[in-house]
Amino acid sequence: MSRPDRSAGAAVAVPGGAAGSAKRLLIVWHSRTGAARQMAEAAARGATRAAEELEEAANFAATLRRAADAMPDDVLASDGYLFCAPENLASLSGEMKEFFDRCYYPVLDRIPGRAYALAISAGSDGEGAARQAARICTGWRLREAAPPVIVRLDAQTPQAILAPKTVPAAELARCEELGGLLAGLLLLQG
Ligand SMILES: Cc1cc2nc3c(=O)[nH]c(=O)nc-3n(C[C@H](O)[C@H](O)[C@H](O)COP(=O)(O)O)c2cc1C
């Protein structure tokens, strides 16, 4: 078994303005072999860059949070969300599902209408995980900001599946765009 990928640590916050006034994007991620972590980091970069381009960097904060560390208070304190995880056995990876299981009822009916998007790493499919996450987000009555970004890395043998992943630049660019779009929505539409 490969070891869980922990290199992005607990949380990376890009500071914004005064507490309470900045728009907050929460990026919750889980990754076993690195792909979804790289995707989440790319989305955070794209979001931060978009805020800078809008000259709103002081009013924006993107926080990367490992799924294992993300709590209901993190969800409540954010204005929008990116959920980024691998597809495992045709559904969300267990650690990402555990995040949703842990947070679902504590935030239910308290975040309706907030924007969200999904980024899924996959060997060859990813649709099952995307559908499952979208269904959960529908239960939360979140608003889908964009179609899911699914990155397929053609990992289909046990060796390829367990190997560390390097996400191609073009795929990371799609994740950066997604982060930028979420930041723009939060800053321009409130
Ligand atoms: C237990 C397990 C089950 C998997 N099941 C699927 C699957 O159902 N569909 C798919 O497209 N990829 C599947 N994969 C491949 C992963 O989604 C792929 O390797 C992805 O890049 C992992 O993301 P990560 O690097 O962020 O951990 C599976 C991988 C593992 C370890």
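These legends go with a set of close-up views of one predicted model.

**View 1. The whole chain, as a starting point.** Because this is a predicted model, local features are described only at pLDDT of at least 70 and side-chain atom pairs count only at pLDDT 80 or more, while totals for chains, interfaces and linings use all residues. Residues are numbered from 1 along each chain as its sequence is written. Six helices and eight strands make up the secondary structure of the chain; helices (H or I, at least four residues) and strands (E, at least two) are DSSP runs, numbered from the N terminus. Reading along the sequence gives the pattern β-β-α-β-α-β-β-α-β-α-β-β-α-α. Of the 190 residues, 46% count as buried. Here a residue is buried if 20 or more other C-beta atoms lie within 10 Å of its own, exposed if 12 or fewer, and partly exposed in between, with C-beta atoms placed from the backbone. Among contacts between residues at least 6 apart in sequence, 87% join residues at least 24 apart; two residues are in contact if their C-beta atoms, placed from the backbone, lie within 7 Å.

**View 2. Strand β4 and its partners.** Let us follow β4 (80–88), in which nine of nine residues are buried. Strands are said to pair if DSSP finds at least two bridges between them. β4 runs parallel to β2, joined by five bridges, and Val28 has Phe83 as its bridge partner in β4. Seven bridges join β4 to β6, again in parallel, with Ala117 of β6 as the bridge partner of Leu82. With β5 the pairing is antiparallel, over two bridges, and Asn88 finds its bridge partner, Ser91, in β5.

**View 3. The turn between β4 and β5.** Two residues lie between the strands of this hairpin, where Leu89 takes a positive phi near 50°. Leu89 is not a glycine, yet it has this positive phi. Leu89 counts as exposed because it has 9 C-beta neighbours inside 10 Å.

**View 4. The largest nonpolar core.** A nonpolar core is a set of buried Ala, Val, Leu, Ile, Met, Phe, Trp, Tyr and Cys residues joined through C-beta atoms within 7 Å. The largest one has 60 residues, and Ile27, Met39, Ala43, Leu82 and Cys84 touch the most other members. Helix α1 (residues 35–53) gives the largest share of this core, ten residues. Zoom in on Cys84 and you will find it touching Ile27, Trp29, Ala36, Met39, Ala40, Ala43 and Ala119, leaving aside residues up to four places away in sequence.

**View 5. The shell around the ligand.** There are 21 residues around the ligand, and Ser31, Ala35, Ala36, Pro86 and Gly123 come nearest. By type, the shell divides into nine nonpolar, eight polar and four charged residues. In this count Ala, Val, Leu, Ile, Met, Phe, Trp, Tyr, Cys and Pro are nonpolar, Asp, Glu, Lys and Arg are charged, and the others, Gly among them, are polar.

**View 6. Helix α3 and its buried residues.** α3 (residues 94–107) has 14 residues and reaches 20 Å from its first C-alpha to its last, close to the 20 Å expected at 1.5 Å a residue; the expected span is 1.5 Å times one less than the number of residues. Its buried residues are Met96, Phe99, Phe100 and Cys103. These pack against β2 (23–29), α2 (72–76), β4, β5 and α4 (127–139). Just after the helix, Asp109 takes a positive phi of about 70°.

**View 7. Helix α6 and what covers it.** α6 (residues 169–189) has 21 residues and reaches 29 Å from its first C-alpha to its last, close to the 30 Å expected at 1.5 Å a residue. Buried residues of α6 include Cys175, Leu178, Leu182, Ala183 and Leu186, along with Glu171 and Glu176. Among the elements covering the buried residues are β2, α1, β3 (60–66), β4, β6 and β8.

**View 8. Asp154 in its loop.** Asp154 sits in the loop between β8 (149–152) and α5 (158–162). Its phi is near 60°, a positive value in a residue other than glycine. Asp154 counts as exposed because it has 9 C-beta neighbours inside 10 Å.

Definitions and conventions: Near = placed C-beta within 6 Å.
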